[in-house]
Amino acid sequence: MTTQFVKINDVAAKESKAILEEAAKIIKNGGLVVFPTETVYGLGANGLDENASKKIYEAKGRPSDNPLIIHISTPDDAEKYCYTSDIYYALAKAFMPGPLTVIMPKKDIVPFTVTAGLDTVAVRCPANEIANALIEEANIPIAAPSANLSGKPSPTRADYVLEDMEGRVDMIIDGGECEIGLESTIVMIYGDSLTLLRPGAVTYDALCMVCEDVKIAPSVLEMLKENEKPLSPGMKYKHYAPESPLVLLDGDEENVIEYLRNEMKEKKCAILCYNEEIDVLSDAVLLPIGEKEDLAAHAHSLFTLLRDADKKECDVIYAHLPQKNGLGLALYNRMIRAAAHTIKKV
Ligand code: TXA
Ligand code: MG
């Protein structure tokens with residue numbers, strides 16, 4: 001398959017309209033289009049077409065028991081695909097369009113290939129203008145996982161999509177760098193309560209402002225026990241793994257620096273360091289992740305830096321173990337997976 005690579009700078013421009021029409025046509029005809037969202041790039045297909053959704057699993061090399069999110073252009077559209085509730089509309093009012101995915105009981109119209117056989121479906125209304133315009137133009141829900149090969153970091157730039165997906169999809173729309181850089185927050189509704197399955201830019205504290213009872217699924221913070229079934233199938237797979245081992249350092253900043261200085265003498269180290277540490281660690285391959293307190297910057301750069309770190313062919317990649325507050329919880333969740341839970345206390 002040849003992959004068309006197209007760029008949209010301004011969604012309102014005349015040439016963008018033609019691109020979006022072409023992309024929507026591909027989706028309606030059962031093809032695959034990669035598009036930008038505010039979180040990460042998505043690999044989209046017609047969410048109501050069994051065969052089209054099967055192609056997504058093939059293109060990604062994704063296990064067929066890992067369900068897809070369907071993307072809608074307005075929160076009310078969820079009504080057509082699942083059984084909503086007051087709490088859904090409260091979430092929609094607070095966070096949509098935006099980086100929140102909500103899981104609810106599915107209606108028959110959604111094929112089981114999309115939900116991987118589950119009776120529930122995940123819906124999300126993205127804030128990115130290109131994503132939104134594409135869904136509107138196609139006038140169908142777009143099923144889309146992150147546009148990486150299974151096991152690679154989610155792509156936050158179109159050139160990373162190209163690395164993974166050239167020849168596997170019909171079209172890639174380059175809409176620039178994704179603003180947030182980590183995948184959406186995922187919650188499941190149970191009656192009047194919510195369970196957080198994947199933390200993201202809509203934080204635990206923000207969810208608590210809308211719902212009094214928000215639980216955190218164990219798989220968010222811990223390694224699954226053998227044979228344990230997580231609420232979200234995706235949590236059981238190894239994720240975002242760089243090829244060099246990633247080790248997370250847990251300790252006071254001075255101890256971390258001292259440890260790294262010793263390691264640097266013996267090994268080729270790549271370090272995801274804070275900007276403030278650049279001067280003191282100058283002998284290693286440094287990948288600055290932002291200022292220490294700027295968690296949004298860390299989120300924005302994490303997946304890019306993991307891909308870059310791999311290209312440096314180092315013996316080991318080091319990073320700070322994130323705190324679990326605010327956006328830190330999402331960083332913690334992604335980083336312990338990328339590190340296969342390797343945490344070194346220093
Ligand atoms: O930000 C995002 O959410 C991006 C963009 C493209 O929208 N999408 C994304 O999709 O991250 P994906 O497929 O890479 O991750 C979706 C996660 C998977 O871990 C999957 O197991 C879970 O959502 N999921 C989907 N439907 C589910 C369901 N019905 N029940 C439980 N978990 C579900
Ligand atoms: Mg993914």
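In this predicted model, a polar contact of 2.8 Å joins the side chains of Thr 37 and Thr 39, and the side chain of Thr 37 also reaches the backbone oxygen of Val 40, at 2.7 Å. Thr 37 is found in the loop between β2 (33-35) and β3 (42-46), and because its relative accessibility is 3%, Thr 37 counts as buried. Leaving aside residues up to four places away in sequence, Thr 37 touches Gly 42, Arg 124, Pro 126, Asn 128, Ala 131 and Cys 178.

| Pocket | Nonpolar | Polar | Charged |
|---|---|---|---|
| Largest pocket | 21 residues | 15 residues | seven residues |

The largest pocket holds about 640 Å³ of space and is lined by 43 residues, of which Arg 62, Pro 67, Ile 69, Ile 186 and Arg 198 lie nearest its centre. At least two lining residues come from each of β4 (69-71), β6 (120-124), β9 (185-190) and β10 (193-198), with β6 giving the largest share, four residues.

The second largest pocket, with a volume of about 480 Å³, is lined by 24 residues, and Tyr 274, His 320, Leu 321, Pro 322 and Gln 323 are those nearest its centre. Here β12 (246-250), α9 (253-266), α10 (295-311), β15 (316-320) and α11 (328-338) each supply at least two residues of the lining, and α11 gives the most, with four residues.

Note on methods: Residues are numbered from 1 along each chain as its sequence is written. Chains are lettered from A and ligands numbered from 1 in the order in which they are written. This is a predicted model: local features need pLDDT of at least 70, side-chain atom pairs count only at pLDDT 80 or more; totals for chains, interfaces and linings use all residues. Side-chain values use heavy atoms; hydrogens and water are left out. Buried means under 20% relative accessible area, exposed over 50%, partly exposed in between (1.4 Å probe, protein chains only). A polar contact is a pair of N or O atoms within 3.5 Å; within protein, one must be able to donate a hydrogen and the other to accept it, and residues adjacent in sequence count only if both atoms are side-chain atoms. Contact means heavy atoms within 4.5 Å. On a 1 Å grid over the protein atoms alone, a cavity is a set of points where a 1.4 Å probe fits but cannot get out, and a pocket is an open set with protein on both sides within 12 Å along at least five of seven lines; lining residues have an atom within 4 Å of a point. Grid points are joined across faces, edges and corners, and a volume is the space filled by probe spheres set on the points. Ala, Val, Leu, Ile, Met, Phe, Trp, Tyr, Cys and Pro count as nonpolar, Asp, Glu, Lys and Arg as charged, and the others, Gly among them, as polar.
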